[in-house]
Amino acid sequence: MSAPAIWIIFPLIIGALLLFINNQRLLSILGGIIGLALAIIAQFIPIETAMSIGGFSLKIASSITVLGRSLLIQPAEGPLLTIIYGAVALWFFGAEAANAANRLVPIGFMITALMVASIAVEPFLYAALFIQMAILLAIPLLTSIYEAPSKGITRFLVYQTLAMPFILLAGWLLGGVEASPGDLSLATQSASMLGLGFAFLLAIFPLFTWIPMLAEEVSPYILAFILWILPTVTIIFCAGFIDRYAFIRTSPQLILALRLGGLAMLVTGGVFAAFQRNLARIMSYGAIAETGFSMLALSLNVKVGIPVLFLLIPARALGLAVWSLAVTVIKGHVENLRFGKTQGILRILPFAGTGMIIAALSTSTFPLLAGFPGRVALWENLARISLISALWMGIGIAGLLTSTIRSLAVISMAEEYTTWQPRESLAQRIMLGLGVISLFILGIFPQTIQYFLTNLPLMFEHLGR
Amino acid sequence: MALTVAWIAVLLLLITSTGLLIVRDWRWSLILLAIQYLGVFLLTLQHWPLGMSSVKLVAGWMSAAILGMTRSSFPSQEIDEQGFWPRGRLFRLFAAGIILLIVWVTTPTVDTIMADAGYAITGGSLILIGMGLLHLGITTYILRVVIGLMTVLSGFEILYSAVEGSILVAAMLATINLGLALVGAYLLIAQNNAQTAEDEIE
């Protein structure tokens with residue numbers, strides 16, 4: 001048995017098989033349990049270590065060979081798989097409440113498997129090919145066969161597809177830079193290619209226009225899943241590039257570009273969110289700002305930046321899951337998600353309204369919530385490097401907070417003497433309630449997640465040591 | 001001999017990619033796309049063995065067939081032209097001319113960067129990338145968007161074949177091409193379903 005077979009091939013097959021099941025509840029529970037099982041195996045059964053269970057000897061090999069190249073999951077990557085599949089399980093358990101299990105669970109498994117393959121493939125720059133396959137799979141996940149494809153979908157397909165050639169060519173050029181480090185023009189060309197590739201893939205300003213467009217057009221829950229898994233794995237892939245090539249690691253220009261890109265994402269995400277009048281669009285700008293936080297973490301001193309980057313991942317997954325579930329529940333009860341139609345909705349959807357506000361506050365670095373510890377560490381370390389950058393980060397956060405307070409004002413602005421009549425289903429109440437409690441637990445006791453994160457930086461040869 | 005074949009392929013790519021910009025009938029678009037993959041195959045053959053190069057041809061033709069079979073099941077011709085702006089053929093020819101000029105100027109530089117892949121290969125791939133991007137810039141109709149993306153990817157694949165000979169990469173790029181065609185077919189069906197439902201309501 002090998003690790004790629006367990007965490008890549010098995011989920012791919014499971015995803016394909018689950019396409020034949022139509023029962024939402026069954027899909028949600030089955031998907032959640034399998035995701036959780038994969039996460040538990042990743043955490044407790046070490047890779048490349050022989051174990052004796054009863055009379056049997058068990059050892060999970062770290063690699064398999066496919067068409068002359070290998071898929072390799074190192075022992076240090078176990079906790080990352082735990083986080084990825086744990087978050088996937090969380091998403092799948094909530095899929096029934098969001099009425100999205102039919103598409104999300106089967107295709108979500110396949111996308112997750114491909115994203116894990118992108119981390120595992122050797123040479124690592126082939127990851128771009130796996131990410132592209134995941135993007136193609138995301139299209140039927142995001143759109144229904146009975147609705148005309150929107151402009152957002154077309155733009156998503158085009159922008160994300162254009163990333164792959166840039167990254168593959170950049171990877172090849174970087175090989176040349178390694179061979180002749182003195183060739184400055186080659187280094188500039190490869191860095192430009194790489195920058196363009198990641199700008200498309202991470203939807204860096206101004207290439208994020210498809211995100212708010214899609215937010216209005218598709219299920220917020222499904223979109224949030226895509227906005228969690230694609231940028232999270234892509235950022236790790238990007239960190240892999242930085243880890244692998246010495247000239248990138250030591251280049252102050254590239255670090256500055258990362259910082260500026262991150263700030264652009266955070267400030268535009270935050271400020272644009274503050275001026276939105278649509279709850280789904282606000283969530284989408286929150287997701288854009290989240291990517292900005294991750295990029296900023298990557299631009300810090302590696303000893304601090306990489307642990308902060310990993311600290312941001314669980315908070316992002318949980319926050320987005322709760323936020324998108326809440327927005328999806330609200331969407332099911334109103335004509336559209338514009339402020340005019342959601343006024344006073346808190347009286348009839350108190351769990352969804354609370355979930356949305358708490359998750360948005362978590363993204364906005366509000367104390368005692370999951371997003372706070374990682375962002376404060378990031379802010380503090382950023383201020384040590386550049387006070388101006390820290391100020392800009394503050395502006396982005398202020399924008400996010402403003403949008404949250406506006407949303408809270410709108411959803412609580414009910415007519416006088418309106419009674420409280422909760423309309424969420426039991427599953428929705430349970431999932432939203434658990435999500436909100438988890439956001440508080442991660443915020444008040446951030447050390448609980450450290451168990452998974454402590455050894456994660458070791459997956460990078462240079463950045464983590 | 002190989003060089004002559006390569007330049008013939010470049011000419012073929014120039015004709016097909018420009019043709020894709022000009023023609024309005026989806027049948028001609030898909031015929032030109034299929035011929036374009038023949039040109040891609042001939043250029044890839046300069047660096048890859050016959051077996052691996054033919055993967056590109058087969059995958060390309062299969063992609064064109066998928067799109068053709070899907071489109072042929074819809075009755076209306078009108079939706080082709082929605083979002084294909086601007087409509088003037090002269091304008092598109094002029095834009096194609098500008099792309100050609102840019103390719104002419106940049107080919108030597110790109111060829112040097114790409115380890116002297118050869119002017120024919122570099123030029124051919126840049127023509128496809130440029131024309132594909134132009135195509136993507138002037139249309140929102142899904143069939144044309146997919147054709148535009150396939151054209152850009154074909155250009156990249158030619159260039160990449162000069163520096164990378166991995167079987168895994170060839171297989172995955174072929175899968176991506178087929179996947180793109182399937183996604184295109186899915187979106188075309190979705191668009192047609194929505195339009196049919198709209199017509200029924202009216």
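Domain bounds here come from an automatic or database domain assignment. For chain A that assignment gives domain 1 (1–122) and domain 2 (154–459). This is a predicted model, in which local features need pLDDT of at least 70 and side-chain atom pairs count only at pLDDT 80 or more, while totals for chains, interfaces and linings use all residues. Residues are numbered from 1 along each chain as its sequence is written, and chains are lettered from A and ligands numbered from 1 in the order in which they are written.

The C-alpha centres of domain 1 and domain 2 of chain A lie 24 Å apart. Residues are in contact if their C-beta atoms, placed from the backbone, lie within 7 Å. By that rule, 24 residues of domain 1 of chain A meet 24 residues of domain 2 of chain A. Helices are DSSP runs of H or I with at least four residues, strands are runs of E with at least two, and both are numbered from the N terminus. On the domain 1 side, α3 (78–93) and α4 (101–120) of chain A each give two or more residues.

Chain A also touches chain B, with 28 residues from each chain. On the chain A side, α5 (127–142) and α6 (151–179) of chain A each give two or more residues, and the largest share, 9 residues, comes from α6(A).

Finally, an open sheet of 3 strands in chain A has the order β3-β4-β5, with antiparallel pairing; strands pair if DSSP finds at least two bridges between them.

Conventions:
Contact = placed C-beta atoms within 7 Å.
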